[in-house]
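Hello,

I am passing a structure on to you, with notes on what was found in it. Please look through the sequence and the model first, then read on.

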Amino acid sequence: MGSSTSTISVLLFLGLVQFAVSGHDYKQALSKSILFFEAQRSGHLPPNQRVSWRSHSGLNDGKSSGVDLVGGYYDAGDNVKFGLPMAFTVTTMCWSIIEYGGQLESNGELGNAIDAVKWGTDYFIKAHPEPNVLYGEVGDGKSDHYCWQRPEEMTTDRRAYRIDRNNPGSDLAGETAAAMAAASIVFRRSDPSYSTELLRHAHELFEFADKYRGKYDSSISVAQKYYGSVSGYNDELLWAAAWLYQATNDKYYLDYLGKNGDSMGGTGWSMREFGWDVKYAGVQTLVAKILMQGKAGEHTGVFERYQEKAEQFMCSMLGKSTKNIQKTPGGLIFRQRWNNMQFVTSASFLAAVYSDYLSSSKRNLRCSQGNMSPSQLLAFSKSQVDYILGNNPRGTSYMVGYGHNYPRQVHHRGSSIVSFKVDQKFVTCRGGYAKWYSRKASDPNVLTGALVGGPDAYDNFADNRDNYEQTEPTTYNNAPLLGVLARLISGSTGFDQLLPGVSPTPSPVIIKPAPAPKRKPTTPPASSPSPITISQKMTSSWKNEGKVFSSKGWIFRTPRREALTDEEFEELKESSLGVFIKFKEQDLVGLQGWFTTCSFAGH
């Protein structure tokens with residue numbers, strides 16, 4: 001009897017050890033986290049829509065402005081389409097696919113992830129009808145929050161808001177350029193023509209953002225209360241340049257990062273967060289990757305300063321910096337009361353990818369309090385995901401539909417009201433609050449995969465629908481989680497992430513940029529045998545802290561009115577600027593005095 005008892009005890013112990021090792025079902029969590037995006041879709045839902053309780057919505061979006069803005073995503077538990085967080089959502093989804101597309105594919109989720117990206121980029125194409133016009137919001141938070149209605153029958157104002165050259169928004173245009181550039185990498189092999197179209201929009205949006213500078217919430221003031229641009233636009237300009245370099249290998253964008261890193265804060269800010277507003281930590285991580293790939297060239301010194309800040313961010317997560325990120329008693333990153341989980345997933349993603357960058361370059365993380373191995377950084381990322389999925393003082397899964405103890409009263413209009421397909425009785429604006437919002441019962445529709453705002457600084461959480469700070473989900477909570485979960489499914493094995501001498505993992509969809517074509521000498525000739533002439537001109541100068549800075553530009557001229565020949569067109573593409581802004585064919589007819597400005601940090 002004693003022997004049998006001992007045997008049972010040993011087996012039980014081994015079972016517990018196995019649970020501790022295997023932990024959570026990351027594959028199930030990955031599938032659910034991607035499914036959430038289908039619940040957030042606006043527009044005409046496709047036949048393969050898997051979230052069956054949703055239906056078509058926002059079918060007249062943009063109509064009053066004479067533009068088709070049907071589609072895109074609702075950002076959270078409301079029915080507004082906010083452009084800035086939507087673009088960040090798409091960018092980080094793309095980054096997840098670019099880094100871990102092979103893992104997504106092997107777990108049967110690559111197609112769903114790509115579909116989620118395309119739902120966003122199709123909308124951005126519509127929202128960018130002209131080079132210097134971008135629609136950045138449909139609906140407004142004030143009127144939307146006054147009502148509690150299903151998106152299928154909302155009666156709130158669906159006015160569209162835009163930025164243009166007279167009402168700029170460099171942060172919004174820059175983030176959208178980043179999203180389109182990153183997405184062009186995702187679609188490069190599976191849909192080359194679509195990839196090319198996305199890259200064209202990315203080029204135009206970056207030029208728009210850089211040339212007409214300003215904060216988008218000064219032009220779209222209705223966004224200030226909900227998605228105000230606190231960090232300004234310099235981080236988005238660097239972020240967009242980093243992604244355009246990843247997508248094109250064009251030295252122009254490498255130079256942009258090198259020449260503007262100091263003045264735009266890329267090398268100066270030591271960050272404690274990464275999210276839809278503040279992109280510096282993401283920029284620093286991407287630039288550090290470029291440095292470790294050996295591509296920094298003459299910008300090595302500047303890129304090393306980017307990397308120093310990236311590593312300070314990583315060290316602060318591990319508690320090994322001079323100023324560390326705050327954590328709850330249970331070990332969760334804590335940044336703010338409202339929707340803190342957005343910072344948890346984004347930081348966890350950066351930790352995961354940077355651990356692989358370090359492994360690929362065979363080096364450790366350099367912290368002020370000692371070096372840390374890549375595996376320690378990945379282990380931290382895992383600890384955050386495990387907390388999300390239930391390894392926390394409450395034993396609560398903060399992903400809806402995962403595990404047994406997850407939020408049942410989510411702050412979300414669509415999930416909290418009976419499905420339109422089940423009961424089409426009209427839910428009035430205020431009636432929705434009276435009948436559904438205040439209802440102390442589980443949601444009639446399970447918002448599977450949604451990652452809610454999460455606990456407070458002391459690991460406390462209240463599962464109440466009116467507790468929007470903790471129970472409201474957002475798309476940008478989930479987007480970086482895709483990559484982290486895909487990475488964790490593969491365990492502690494290190495991945496080579498296209499660092500020097502490393503080949504990419506074969507994939508039918510994911511492909512990295514090909515090497516950039518060789519450029520002609522950087523000094524333009526005084527004269528050209530072709531009808532095109534190229535000259536340089538100082539456009540403006542200014543003083544700052546006693547130093548005089550100048551802005552210089554290149555001027556391209558052709559004396560003819562007819563279209564450029566193919567040879568001339570190729571010469572323009574390969575010009576000494578080191579950058580090619582794509583034109584429509586008709587724009588090349590009568591090209592005279594076309595001008596673009598490149599700023600130099602000289603004095």
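**Annotated site**

The backbone nitrogen of Gly-77 lies 3.0 Å from a polar atom of the Glu-472 side chain, a polar contact (a pair of N or O atoms within 3.5 Å; within protein, one must be able to donate a hydrogen and the other to accept it, and residues adjacent in sequence count only if both atoms are side-chain atoms). This is a predicted model, in which local features need pLDDT of at least 70 and side-chain atom pairs count only at pLDDT 80 or more, while totals for chains, interfaces and linings use all residues. Residues are numbered from 1 along each chain as its sequence is written, and side-chain values use heavy atoms, with hydrogens and water left out.

Glu-472 is one of the residues that the unreviewed UniProt entry annotates as "active site", together with His-411 and Asp-463; such annotations may be inferred rather than shown by experiment. They span 62 residues in sequence, yet no two of their C-alpha atoms are more than 10.2 Å apart, so they gather at one spot.

Glu-472 sits in the loop between α18 and α19 (475-489); helices are DSSP runs of H or I with at least four residues, strands are runs of E with at least two, and both are numbered from the N terminus. Glu-472 is buried, at 11% relative accessible area (buried is under 20%, exposed over 50%, partly exposed in between, with a 1.4 Å probe and protein chains only). Leaving aside neighbours within four places in sequence, the contacts of Glu-472 (heavy atoms within 4.5 Å) include His-411, Trp-338 and Asn-467.

Asp-463 is in the loop between α17 (431-437) and α18 (468-471). Asp-463 is partly exposed, at 23%. A polar atom of the Asp-463 side chain lies 2.8 Å from the backbone nitrogen of Arg-408. Beyond four places in sequence, Asp-463 also touches Tyr-406, Pro-407, Gln-409 and Thr-471.

**Salt bridges**

The whole structure holds 25 salt bridges, each a side-chain nitrogen of Lys or Arg within 4 Å of a carboxyl oxygen of Asp or Glu. Among them is Asp-61 with Arg-158, with closest N and O atoms 3.0 Å apart. Asp-61 lies in the loop between α2 (26-39) and β1 (81-82), and Arg-158 in the loop between α5 (141-146) and β3 (160-164), 97 residues apart. Both residues of this pair, Asp-61 and Arg-158, are buried.

Lys-251 and Asp-255 form another salt bridge, at 2.8 Å. They are 4 residues apart in helix α11 (residues 251-260), or about one helical turn. Lys-251 is partly exposed, at 32%, whereas Asp-255 is buried, at 14%.

Glu-273 pairs with Arg-335, also in a salt bridge, at 2.8 Å. Glu-273 is in the loop between α11 and α12 (280-292) and Arg-335 in the loop between α13 (300-318) and α14 (341-360), so the pair ties together parts 62 residues apart in sequence.

**Nonpolar cores**

The largest nonpolar core has 153 residues, and those with the most contacts inside it are Trp-95, Trp-243, Phe-303 and Leu-365. A nonpolar core is a set of buried Ala, Val, Leu, Ile, Met, Phe, Trp, Tyr and Cys residues joined through side-chain atoms within 4.5 Å. Helix α3 (residues 83-106) gives the most to this core, with 12 residues. A second, separate core of 7 residues includes Trp-148, Ile-417, Trp-436 and Tyr-437.

Regards
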